[in-house]
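Work through these exercises on helix packing. Keep the sequence and the structure open beside you.

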Amino acid sequence: MDFPNVAELKQQAGESPQRFTVDVELQSRSERQTKTGKPYLVITFADSTGSFALNAWSDAPLFEAAAGFKDGTALRLDAEWIQNQYGLNAANLHWERLQGSDLESFYTGDPATRARQQLAWETITSLVSSIRDPRLSALCDHFIAEFGARFRRTAAARKNHHARRGGLVEHVAQMMRAADAVCGVYAELNRDLMLAGVLFHDSGKLWENPYPETGFTQGQTIYGEMLGHIPLGIELVNKLWHDVLESPAARGWLTEEPPSDTVRLHLLHLVAAHHGAYEFGSPTLPRTPEAIALHHIDNLDAKLEMMKDAYAESGQIVPGIYEKRFPLPANLVEPLPAYESAPTPPAAEKPAGQLL
């Protein structure tokens, strides 16, 4: 049976109720109270393509049933779905636990998402293999060998953009494509440093936005909570740098220019400055051309991903104008389609025997 995934459900649901069935994992439950003191639950569900939250009021069957579900329980939800500025809502909701082949199929993930993330991974490994600086090349290879599996299942964020299993790989791959293109335009940029900086800029999210080996529930770690991904990324780069310095190849790096410790410092600066401003969590401001470029590439990819989601999931206020979606600054307008020239009409055939 073909059911919509979470991303497709958000795209297809509108203001009029429509019945859909969707397979999801119960990600979390949070107990709240209404203004009158009545309890209710905010239940978050997820699959390989995204997540959504439903409110379970105290007099609804889901409120009582949710008490018997553990986080990570895979469920099939059948309901009449609507979507508005407050998100998804489900009426006449029925559910059952996924079992057997249905459960196994669910955990393999959405085929389109798997294919997209595999292409992203191949992009990353291909561009990393093109790095010429032996220090940065060895560092990137060591990271991929040591943490590649964890990297491939990490999210780029908890909400707003690429907030799904494997989202970090998609984000990094697109940023690498952009960095490679920008370096072709601005020849003064250090391409090797840019590619390595993109790879490591969010590497601390392996501890801030982790996923288990199986499942679609984004976890939390004490390291992510207490330090955040920028300090964790700085620590990771330093740790891996000292690892590769102990390799036999490192003996030949003593005479390389620029000096190895200067290369390490510039890479650390890209990790530290990539949010671009103190108020957004960067411990320092961008102070090199590569740091400025990486910050804007990061911001561009995040914003365009948010816009893509907003077009897919937001309702239209009037034709061509979409409801504002946080954290974007304003209502979105339907984008201009690309120009396509009209086909050339075929030349009229001349009657037989007619001279030119």
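**Exercise 1.** Is the crossing of helix 10 and helix 11 left-handed or right-handed? Then classify the angle of the pair and list the residues in contact.

*Solution.* Note that this is a predicted model.
- Step 1: The crossing of helix 10 and helix 11 is right-handed.
- Step 2: Helix 10 covers residues 229-245 and helix 11 covers residues 260-273; their axes lie 9 Å apart, at an angle of about 160 degrees.
- Step 3: Angles over 145 degrees count as roughly antiparallel. Helix 10 and helix 11 are therefore roughly antiparallel.
- Step 4: Helix 10 contributes Ile230, Gly233, Ile234, Val237, Asn238 and Trp241 to the contact. From helix 11 come Ser260, Val263, Arg264, Leu267, Leu268, Val271 and Ala272.
- Step 5: Sorted by class, the contact of helix 10 with helix 11 has 9 nonpolar, 3 polar and 1 charged residues.

**Exercise 2.** At roughly what angle do the axes of helix 5 and helix 10 cross?

*Solution.* 
- Step 1: The axes of helix 5 and helix 10 cross at roughly 110 degrees and come within 9 Å.
- Step 2: That makes helix 5 roughly perpendicular to helix 10.
- Step 3: The contact of helix 5 with helix 10 holds 10 nonpolar, 1 polar and 2 charged residues.

**Exercise 3.** Which helices do the buried residues of helix 6 pack against?

*Solution.* 
- Step 1: Find helix 6 at residues 167-185.
- Step 2: Pick out its buried residues, including Glu170, His171, Met175 and Cys183.
- Step 3: The buried residues of helix 6 pack against helix 4, helix 5, helix 7, helix 8 and helix 12.

Conventions. Residues are numbered from 1 along each chain as its sequence is written. This is a predicted model: local features need pLDDT of at least 70, side-chain atom pairs count only at pLDDT 80 or more; totals for chains, interfaces and linings use all residues. Side-chain values use heavy atoms; hydrogens and water are left out. Axes are lines fitted to C-alpha atoms, for helices over the stretch in contact, and angles run from 0 to 180 degrees between N-to-C directions. Helices (H or I, at least four residues) and strands (E, at least two) are DSSP runs, numbered from the N terminus. Angles under 35 degrees count as roughly parallel, over 145 as roughly antiparallel, 65 to 115 as roughly perpendicular and the rest as oblique. A crossing is left-handed if the near helix is turned anticlockwise from the far one by less than a right angle, and right-handed if clockwise. Contact means heavy atoms within 4.5 Å. Ala, Val, Leu, Ile, Met, Phe, Trp, Tyr, Cys and Pro count as nonpolar, Asp, Glu, Lys and Arg as charged, and the others, Gly among them, as polar. The expected span of a helix is 1.5 Å times one less than its number of residues. Buried means under 20% relative accessible area, exposed over 50%, partly exposed in between (1.4 Å probe, protein chains only).
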